[in-house]
Amino acid sequence: MPTPTEQPKAVYVLSELVDSYPHRAPQAERGTLLRVTVAGEPILHRPLKPVTEADYGSERLATLIDDMFATLYVAEGVGLAANQVDADLRLFVYDCPDDAGVRHVGHLCNPVLDDLPAAERVLDEEDEGCLSVPGPYKRVARPHRAVVRGTDMHGTPLVIEGTGFFARCLQHETDHVNGYLYIDRLSKRDRKDALRQMEQMREEIFARRAAKAEALGG
Ligand code: NI
């Protein structure tokens, strides 16, 4: 999901509140920029493979997370799922503010959203976009609060909770690992419109990402 900017009041790294944190997650400094996949590529439209015991603690998984953070910042996103860098693993990274101005940074393997009780299922309707649908934003209704369970890269269980914009991010990224884009939640007409806008805007957005990558690369 794209859209950053806002001065954080506090920072949660995974589920820990920390006193201070760099502007960009340290993983990004080690990571290599990867190509972001675009709507229509099959890997974005099928469920991904679980992160397994063999992956936990591996160099390969750590490197993928580094690369995903590097790619997230260059694309100016708040969340990125593994299939958006052409990797078939149930994993996403995020660096996202919530509506209270709290910043949330981390990664999550094998994310599963809690089914919230009906009484808690208040919907927010806000604009949403996706780095893999470069250009358009469309209104999407989603629950105001999200609780997502999974593990960190070492297999340690994690529960990440969010409200507002961060809840939207958690739901959007979990959709990705299940093979869905936000445009799949739109009416047929809005979906078509989003894809048409993407075709018109994608080159301009790719050029902006390339310029940003060059600037960061020195
Ligand atoms: Ni997305």
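## Overall build

Buried residues, meaning those under 20% relative accessible area with a 1.4 Å probe and only protein chains counted (exposed is over 50%, partly exposed in between), make up 51% of the 218 residues in the protein chain. This is a predicted model, in which local features need pLDDT of at least 70 and side-chain atom pairs count only at pLDDT 80 or more, while totals for chains, interfaces and linings use all residues. Residues are numbered from 1 along each chain as its sequence is written, and side-chain values use heavy atoms, with hydrogens and water left out.

The protein chain has four helices and nine strands, which are DSSP runs numbered from the N terminus (helices H or I, at least four residues; strands E, at least two). Read from the N terminus, these elements follow the order β-β-α-α-β-β-β-β-β-β-β-α-α. Of the contacts (heavy atoms within 4.5 Å) between residues at least 6 apart in sequence, 70% join residues at least 24 apart.

## The nickel site

The nickel ion is coordinated by C130 (SG), H172 (NE2) and H176 (NE2), at 2.1 to 2.3 Å. Donors here are N, O and S atoms within 2.8 Å of the metal (3.2 Å for Na, K and Ca), and because water is not among the atoms, sites may look incomplete. Along the chain, the donors of the nickel ion follow the spacing C-x41-H-x3-H; C130 in strand 6 (residues 123-130) and H172 in helix 3 are 42 residues apart, and this pair links distant parts of the chain. C130 counts as buried because its relative accessibility is 3%, and H172 counts as buried at 2%.

## An aromatic cluster

The structure holds three aromatic pairs, where rings of Phe, Tyr and Trp (its six-membered ring) pair if their centres lie within 6.5 Å, with planes under 30 degrees apart called stacked, over 60 edge-to-face and the rest tilted. One of them joins F92 and Y94 in a tilted arrangement, 6.1 Å centre to centre and with 55° between the planes. The rings of Y94 and F166 have their centres 5.3 Å apart and their planes at 45°, so this pair is tilted. Because Y94 lies in strand 4 (residues 91-97) and F166 in helix 3 (residues 164-177), the pair ties together parts that are 72 residues apart in sequence. F92, Y94 and F166 form one aromatic cluster.

## The bent helix

Helix 4 (residues 188-216) bends by about 50° at M201, the bend being the angle between axes fitted to the seven residues ending there and the seven starting there. The buried residues of helix 4 are A194, M198, I205 and R209, and they pack against helix 2 (59-74) and strand 7 (133-143).
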